[in-house]
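Please look at the protein shown below, both as a sequence and as a 3D structure.

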Amino acid sequence: MKMNMSPEVSDALSENRSVVALESTIITHGMPYPQNVETARQVENDIRAGNAVPATIAVLEGTLCIGLGDAQLDALGQARGVAKLSRADMAHCMATGGTGATTVAATMIGARLAGIEVFATGGIGGVHRGAELSFDISADLQELAKTPVSVVAAGAKAILDIPKTLEVLETLGVPVITMGQDEVPAFWSRRSGLASPLRADSAAQVAAAHVMRGKMGLEGGQLVANPIPAEAEIAAEELAPVIAEAIAAAEAQGIAAKAVTPFLLDRIFHATGGRSLTANIALVRHNARLAAEIAGEIIKIRA
Ligand code: PSU
């Protein structure tokens, strides 16, 4: 297996300093250029400001890259037709010398291989609406059940069926820990109307639970649901019709499988005049700062 760590990441890991993994699908499939590359850099700097080292993960020409250079990030942000890798196709891509962006699931796999335990993203994939007919459930949920990485996200994306996503996470034994409130957040909105299974009020509490899982030998990670900052949110009531319209359009156009999430995000971006993107950027940056704090607390506990 070819794995290439950036010097910044390998130094930090060998000196037992905090490292936070970042995914690349949000760059290639989640946001338009150039905001995707700008955001990726901002998020990396947010992590550095939180005394941790960012490790953006992607597969480039068959190599699992842990930490991307500026030129690599820029090329990925402008590339077209990049594969969107998950557990099912990551090894095939690496074995055939391919290039692909990593989803939450594939980034967790890469992080574990590199020895990184905390990962920040925007929103995880989950159970799509109508999954009782389509069976469309993101592999991100299974990965959370298998791979011991704590994932900081602003909840599951609101385009999904959040109650069913929570049910599946419960079945899989994945802890869903919401920061500072009793309701799980809904990505662009702080509220979902659904009670969070668990709550934490500090990064130290999340870190303690992460370390405890390791000591107990429990497989799988934690979903840390971090509500979008109030000043950046779009109210759930305002988004509901926009999301419904986007889902109807996806159905009418026969969009399926991996194409659904990028299609919906793009459609909602246009329908909100770009406000969904502004909110998405704010929430990812917020998650990055929390992830850096959690990574620092994990090191403190183990010291
Ligand atoms: N977070 C964002 N935007 C995104 C994603 C996360 O703010 O585009 C990506 C992640 O890579 C996640 C994927 O794994 O969306 C979910 O895709 P699917 O529903 O096809 O599993």
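**Around the ligand and beyond**

Q: How many residues surround the ligand?
A: This is a predicted model, in which local features need pLDDT of at least 70 and side-chain atom pairs count only at pLDDT 80 or more, while totals for chains, interfaces and linings use all residues. Residues are numbered from 1 along each chain as its sequence is written. A residue is near a molecule if its C-beta atom, placed from the backbone, lies within 6 Å of it. The closest are Gly-30, Thr-103, Gly-122, Gly-125 and Ser-138, and the number of residues that surround the ligand is 18.

Q: How many polar residues does the shell around the ligand have?
A: Ala, Val, Leu, Ile, Met, Phe, Trp, Tyr, Cys and Pro count as nonpolar, Asp, Glu, Lys and Arg as charged, and the others, Gly among them, as polar. The shell has four nonpolar and three charged residues. Its number of polar residues is 11.

Q: Is Glu-23 buried or exposed?
A: An unreviewed UniProt entry places the feature "active site" at Glu-23 and Lys-157; such positions are given in the numbering used here, with shortened feature names, and annotations may be inferred rather than shown by experiment. Glu-23 lies in the loop between β2 (19-22) and α2. A residue is buried if 20 or more other C-beta atoms, placed from the backbone, lie within 10 Å of its own, exposed if 12 or fewer, and partly exposed in between. Because Glu-23 has 29 other C-beta atoms within 10 Å, it is buried.

Q: Which residues is Lys-157 in contact with, leaving aside its neighbours within four places in sequence?
A: Lys-157 is found in the loop between β8 (150-153) and α9 (162-171), and it counts as buried because it has 26 C-beta neighbours inside 10 Å. Two residues are in contact if their C-beta atoms, placed from the backbone, lie within 7 Å. Leaving aside neighbours within four places in sequence, the contacts of Lys-157 are Gly-123, Phe-187 and Thr-261.

Q: Where is Asp-136 found?
A: The unreviewed UniProt entry places the feature "binding site" at Asp-136, a residue that is partly exposed because 19 other C-beta atoms lie within 10 Å. Leaving aside neighbours within four places in sequence, Asp-136 is in contact with His-128, Ala-131 and Val-260. Asp-136 is found in the loop between α7 (131-134) and α8 (139-146).

Q: How far apart are the end C-alpha atoms of helix α12?
A: The expected span of a helix is 1.5 Å times one less than its number of residues. Helix α12 (residues 260-271) has 12 residues, so it should span 16 Å, and the distance between its ends agrees with that. The end C-alpha atoms of α12 are apart by 16 Å.

Q: Which elements are included in what covers the buried residues of α12?
A: The buried residues of α12 are Val-260, Thr-261, Leu-264, Leu-265, Arg-267, Ile-268 and Phe-269. What covers them includes α2 (25-30), α11 (236-252) and α13 (275-302).

Q: Is Ala-257 buried or exposed?
A: Ala-257 lies in the loop between α11 and α12. Although it is not a glycine, Ala-257 has a positive phi of about 50 degrees. Because Ala-257 has 10 other C-beta atoms within 10 Å, it is exposed.

Q: What is the radius of gyration of the chain?
A: The chain has 13 helices and 11 strands. The radius of gyration is taken over C-alpha atoms, and the globule rule is 2.2 Å times the number of residues to the power 0.38. For 303 residues this rule gives 19 Å, and the value for the chain is close to it, so the chain is as compact as a globular protein of that length. The radius of gyration of the chain is 18 Å.

Methods
Helices (H or I, at least four residues) and strands (E, at least two) are DSSP runs, numbered from the N terminus.
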